[in-house]
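Here is a walk through one structure, taken a region at a time. Please keep the sequence and the 3D view open side by side as you read.

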Amino acid sequence: MSTSDEKLTKSFYDRISHSYDLLADSNEHVAREKGLKALAISAGETVLEIGYGTGHSLVSLAEAVGETGSVYGVDISDGMKKVSEKRVTEAGIADRVNLSVAITPPLPFDDQAFDVVSMSFTLELFPLETIPTVLQEIRRVLKPGGRLGVVSMALPKEGDKDSFLEKTYKWMHQHFPHIVDCQPIDAAGFLKDAGFTITAENSMDIWTMPVAVLVGTSPA
Ligand SMILES: C[S@@+](CC[C@H](N)C(=O)[O-])C[C@H]1O[C@@H](n2cnc3c(N)ncnc32)[C@H](O)[C@@H]1O
């Protein structure tokens, strides 16, 4: 991603941070919750969320790791950080949540720092050629055998045609990438190419558009 693209992404998410839940959350929360369930987080684990948005998953992750675990988050947007900070404070779990604002990639964390990395509706925002770099960074910060959870807009199954909405969405992404910034991806293919073993794979639809819910495990 070029620096001007990153600036546009940052200002876009800063602008929508206070209305994001109204725009997106009613559709996305079911998929996000499926993704967190598939990750089966245990008490005491150290978890990173990339693209934490308005912080709903941060709260669920912090509850799952309990008092002995910790949750880290990185997001490009200061606006999203403010909204998330309010949410985790109100949920009473701010003491185990550490939030950063930074552009991924790279990830501003040490090698093998995390048991789990989670991303929902974020991997598909990166240009296709940047996704392998993002996944290599995730491999670097995961402990051997660590889990990566991805919830993302997906390509239709082989033989299935794009729905009208999917076609419109793709067209909008192609022509107005800063209005519709995400694109359906073969997330499982990207994870496999990056050396992850797919250990859980589910799919669902949001308004006729396919969504993948995946867990990939890093080599032990
Ligand atoms: C579509 S929202 C999804 C938010 C949240 N994960 C959810 O499921 O509701 C994508 C999030 O990724 C963040 N983001 C976009 N590009 C990023 C980048 N290059 N580095 C870090 N965060 C980024 C945005 O600010 C936004 O909060």
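Proline 106 sits in the loop between β3 and β4, where strands (E, at least two residues) and helices (H or I, at least four) are DSSP runs numbered from the N terminus. The model is a predicted one, in which local features need pLDDT of at least 70 and side-chain atom pairs count only at pLDDT 80 or more, while totals for chains, interfaces and linings use all residues. Residues are numbered from 1 along each chain as its sequence is written.

The peptide bond from proline 105 to proline 106 is cis, with omega near 5°. The bond from threonine 104 to proline 105 is cis too, with omega near -15°. Glutamine 112 belongs to the loop between β3 and β4 as well, and its phi is positive, near 50°, although it is a residue other than glycine. For background, most residues other than glycine have a negative phi, and most peptide bonds are trans. Alanine 40, in the loop between α2 and β1 (46-50), also has a positive phi, of about 45°.

Now turn to helix α3 (residues 56-65): eight of its 10 residues are buried, so the helix is largely enclosed by the rest of the structure. Buried means 20 or more other C-beta atoms within 10 Å of a residue's own, exposed means 12 or fewer, and partly exposed lies in between, with C-beta atoms placed from the backbone. Among the buried residues of α3 is Leu61. Leu61, Val117 and Ala187 have the most contacts inside the largest nonpolar core, which has 53 residues. Such a core is a set of buried Ala, Val, Leu, Ile, Met, Phe, Trp, Tyr and Cys residues joined through C-beta atoms within 7 Å. After α3 comes glycine 66, with a positive phi near 70°.

Gly79, Met80, Lys81, Ser84 and Val88 are buried in α4, and glycine 92, with a positive phi near 75°, follows the helix.
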